[in-house]
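Thanks for making the time this morning. I would like to walk you through a few positions in one model, so please bring it up on your screens.

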Amino acid sequence: MKFVIAATLAASAAAFAPSKVAQTSTALNAFESELGAQPPLGFFDPLGLLNGDVDQERFDRLRYVEIKHGRISQLAFLGQITTRAGVYLPGDIDTAGTSFDSIPNGWAAVSAIPQAGLLQIIAFVGALELAVMKDVTGEGEFVGDFRNGALDFGWDTFDEETKLSKRAIELNNGRAAMMGILGLMVHEQLGGSVPIVGEL
């Protein structure tokens, strides 16, 4: 009887022992140490965009898009919070006298902005995308570095560890803002109230 109990305990303990996992070389392993693969998720690619034969150029393109969308989302989230707090640009949005504070918040603003205003916004964003928000001079230290030799704000005074830390912070803030603005957009369609933001 003691032998049966000891054998059962040994068998159950073996279930918790670490098992050997074969080391496989995949494209994912090449990017697991990149900036952004950090706790708590580590390397996170839920859509499998880096599966298969992926090179550094493809990874850099995806990182560029992630950084750009993160920056846009940070501005969008801040815009939502600011306008819902009652802070608007002074003056009128058009010559007909439509004031900025008469434009509603969120999705309703798209239909309330005069068509000429929407066209100006689209043209402005297009000009930024095609001429400004890219590495024009080729001096960028990393993907998403758009200083172009003109803007510095003390970046060159930081050591490498601080630069990596600040880039990781921007990446995480962008990821959080993407989720935040998506959440605000969904909640606005559902209706109700959200803390800090208020009535949607």
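Tryptophan 107 counts as partly exposed because its relative accessible area is 45%, where buried means under 20%, exposed over 50% and partly exposed in between, with a 1.4 Å probe and protein chains only as cover. Please keep in mind that this is a predicted model, in which local features need pLDDT of at least 70 and side-chain atom pairs count only at pLDDT 80 or more, while totals for chains, interfaces and linings use all residues. Residues are numbered from 1 along each chain as its sequence is written, and side-chain values use heavy atoms, with hydrogens and water left out.

Which residues does tryptophan 107 contact, leaving aside its neighbours within four places in sequence? They are Met185, Glu188 and Gln189, contact meaning heavy atoms within 4.5 Å. Between tryptophan 107 and methionine 185 there are 7.7 Å from C-alpha to C-alpha, although the two are 78 residues apart in sequence.

Let me turn to serine 73, which sits in helix α3, residues 56-84, helices being DSSP runs of H or I with at least four residues, numbered from the N terminus. Serine 73 counts as buried because its relative accessibility is 11%, and, again leaving aside neighbours within four places in sequence, it is in contact with Ala177, Met178 and Ile181.

Finally, leucine 182 belongs to helix α6, which covers residues 160-190. Is leucine 182 buried or partly exposed? With 44% relative accessibility, leucine 182 counts as partly exposed.

Notes
Helix = DSSP H or I, 4+ residues; strand = E, 2+ residues; numbered from the N terminus.
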